[in-house]
2 protein chains.
Amino acid sequence: MRKRAPEERLVVSTSDPPGSVAELLARADRLAGHTLGEVAVVVGEQVPEDFRRAKGWTGRVVERVLGAHASSRAEPDFPRLGIELKTIPVDREGRPRESTFVCSVPLTQMAFETWPTSLVFKKLKRVLFIPVQADPDRPIASRRLGNPLLWSPGADDLAILQEDWEAFLDLVTRGFVESVTAHRGTALQIRPKGKNARARRWGLDEEGDVFRTPPRAFYLRASFTAQILRRSFMLPSSGLGLR
Amino acid sequence: MRKRAPEERLVVSTSDPPGSVAELLARADRLAGHTLGEVAVVVGEQVPEDFRRAKGWTGRVVERVLGAHASSRAEPDFPRLGIELKTIPVDREGRPRESTFVCSVPLTQMAFETWPTSLVFKKLKRVLFIPVQADPDRPIASRRLGNPLLWSPGADDLAILQEDWEAFLDLVTRGFVESVTAHRGTALQIRPKGKNARARRWGLDEEGDVFRTPPRAFYLRASFTAQILRRSFMLPSSGLGLR
DNA sequence: TTGGATCCATTTTTGGATCCCA
DNA sequence: TGGGATCCAAAAATGGATCCAA
């Protein structure tokens, strides 16, 4: 595992968005090998004991340390660059431990979308993945960030994503959203996402009438992101930068 | 003006919703003649110096003292009773000093409504008006509540409201929302309502496409509510209960 | 393993209205 | 005077994700 020596202090100028892709990548490279504890110090946050009550903590602190304009809604994290940032928790073998949230399912509005205009496509066009050690027995403060990966879907990935998305479009717009389980989809899946199982949003039934149904979101399957990481980091002179 | 003597202390059990219309009216009657300062003590709120930075304060404290389930969204304030609560600021002659907010205009959804299914109709079917002294030179803490008025629109009022609403429906669904000013409507009007003049929502243009436009809301004209108060409180043995 | 459930921070919307200048 | 602008609190939605039981 790559550990940075003490003299390689994590020095960053936060709060200003990166002016170019090169600058963003340079910042992300500088982060690699450093721990979440170090990142926390830089952004002035306490490290939580565990993630049970702080599930989005890693994503938020990494956004801030990279200068993402913390929650620029309905746009990529770096709007000028058209890049979406995703931290991805990995095990000791570098495999994703979780699926990756993409965006919520616009239950009543999806009928007005096409694949190229969809939020899923817009978010996934360019993603900066940052792997983060996530073996459960390692304390959060000592978990290290890996090498960043700026990814865009290739023709093969695009075909699969579009196929999945269009199948969901068909089901959702025809009123079958309640029959959609997380089993569907090769790369993309739809899962519940809300405050709890009682949360409700408006959806469309088979007659086109609105009704209350649990909120849902699109996720990338862990098997899909695993393949992305494998492909990229198996190139010569490349790697996760972790163990 | 009716002033309650000190021994008539304002004693209420807050936090529990009234179980019947009779109970709600009894509570509202007990409030009449008491001041906003007294109400503030009961609900444990500070009285603001003026309303420039606390515009909805009166409505909120009166809701709470009457046991309205503070913001039961998309429903009347007393869902079990089907009653909407409105405080109404009146001058020394008992005339409304302001128009009355009804609900926001569902710009993209209005096409799917009819008068009987509309939120305007649902909210106005039964309203409990509570007059509140509002001459500008009277300190807020000493302003008194008047006699409550449980109102339902009569056939004449209903006809006017429906006519107004359907004219707005026509304009909004045909894409002319931006040409609607507060001059339109006999009883009901549409006015901007948002954080500020730069706020934007989605609306429908003449082609049926969505576009950004200022958020708007339905209001009852002061002249309309003035007539409601006049009619009701000019009945024998009835009155505002103020001066 | 993984599908369904859940958690926090932050932004946006809604509901309560009154302000204020042409 | 009243039409357009504005203000606050609270709820809901959104975006960041991880938890956990079968």
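A polar contact is a pair of N or O atoms within 3.5 Å; within protein, one atom must be able to donate a hydrogen and the other to accept it, and residues adjacent in sequence count only if both atoms are side-chain atoms. B:K86 gives an example: a polar side-chain atom of this residue lies 3.4 Å from a phosphate oxygen of DNA strand C.

This is a predicted model, in which local features need pLDDT of at least 70, side-chain atom pairs count only at pLDDT 80 or more, and totals for chains, interfaces and linings use all residues. Residues are numbered from 1 along each chain as its sequence is written, chains are lettered from A and ligands numbered from 1 in the order in which they are written, and side-chain values use heavy atoms, with hydrogens and water left out.

**Around DNA strand C**

| Residue | Atom of DNA strand C | Distance |
|---|---|---|
| B:K55 | base oxygen | 3.2 Å |
| B:K86 | phosphate oxygen | 3.4 Å |
| B:E98 | base nitrogen | 3.1 Å |

Two or more residues of the surface near DNA strand C come from each of β5 (188-192) of chain A, and α3 (57-66) and β1 (84-90) of chain B. β1(B) gives the largest share, four residues. Helices (H or I, at least four residues) and strands (E, at least two) are DSSP runs, numbered from the N terminus.

In total, 40 residues surround DNA strand C, and A:R53 and B:K193 are among the closest. A residue is near a strand if one of its heavy atoms lies within 4 Å of it. Of the atoms of DNA strand C within 4 Å of the protein, 62% belong to sugar or phosphate. The rest belong to bases.

**A sheet in chain A**

Chain A has an open sheet of three strands, in the order β1-β3-β4, with mixed pairing. β1 (84-90) and β4 (149-151) of chain A are at the edges, each with a single partner strand, so one side of each has no neighbour in the sheet. Two strands pair if DSSP finds at least two bridges between them. β1(A) and β3 (residues 127-133) of chain A pair in the parallel sense over seven bridges. A:P89 has A:V132 in β3(A) as its bridge partner.

**Salt bridges**

A salt bridge is a side-chain nitrogen of Lys or Arg within 4 Å of a carboxyl oxygen of Asp or Glu. One joins A:E45 and A:R64, with the closest N and O atoms 2.5 Å apart. A:E45 lies in the loop between α2 (36-43) and α3 of chain A and A:R64 in helix α3 of chain A, so the pair ties together parts 19 residues apart in sequence.
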